[in-house]
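Take a look at the structure below. We'll walk through a pair of helices and then a pocket.

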Amino acid sequence: MKPNQHLMLFDDAWRDELVCGVDEAGRGPLAGPVYAAAVILDPAKPIDGLRDSKKLTEAKRDLLAVHIKSHALAWSIACCTEAEIDQLNILQASMLAMRRAVEGLKTAPSLALIDGNRCPVMSVRAEAIVKGDSKVAAISAASILAKTARDAFCSQMHAQYPQYGFDQHKGYPTALHLERLREHGVSPVHRKSYGPVRALLSSGGAK
């Protein structure tokens, strides 16, 4: 696929709409919030290199995030905390984070394109697109902003709780993370409803 080939598809399919792309990051980790972003791209300011954030290096994501924030017509980042995830469940928390991101846009879109197969309930008309982060430029941009925001929070978690190695595993249930959990117990930022954390809590592993 040529750079921004999917951006042309975006323009042709929704020519008369003011479209925002929406994606989330952080469903799988055992700790921290789930993040979501919404982006309305400016057709007059195309951004080369937009891709699904998982297919980009960290350095490339960081660079593209700067370009997205400076070139987009509007962008917004929101989250649901670990406490909200525990209360609502991760699916509903992800939907709420995406709704918050759309509602946080300084310009109201007429259509929200959501990565995946479900749409959050909100006032803006929405359409779900499976693998949308590799098909629609605005969703790709949203995936990059959500991922970089989540990674930035992981850096903050590492500074506050260096014993867990959040800078390495980003909260995902890697062997290192599970080892540090067993060694140091459950931190305040861990998701208590997630299996490995819940099991440790039931055995008295909170700190």
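Here is a short tour, starting with how to read the model.

## Reading the model

This is a predicted model, where local features need pLDDT of at least 70 and side-chain atom pairs count only at pLDDT 80 or more, while totals for chains, interfaces and linings use all residues. Residues are numbered from 1 along each chain as its sequence is written, and side-chain values use heavy atoms, leaving out hydrogens and water.

Meet helix α2 (residues 58-71) and helix α5 (residues 137-160), whose axes come within 9 Å and cross at roughly 120°. Helices here are DSSP runs of H or I with at least four residues, and strands are runs of E with at least two. Axes are lines fitted to C-alpha atoms, for helices over the stretch in contact, with angles from 0 to 180 degrees between N-to-C directions.

Among the residues of α2 that meet α5 are Leu64 and Ile68, and on the α5 side they include Ile144 and Leu145; contact means heavy atoms within 4.5 Å. By class, this contact of α2 with α5 has six nonpolar, one polar and five charged residues. Nonpolar means Ala, Val, Leu, Ile, Met, Phe, Trp, Tyr, Cys and Pro; charged means Asp, Glu, Lys and Arg; the others, Gly among them, are polar.

## The largest pocket

The lining of the largest pocket divides into two nonpolar, three polar and 11 charged residues. α5 turns up again here: it gives the largest share of that lining, four residues. β1 (19-25) and α5 each supply at least two residues.
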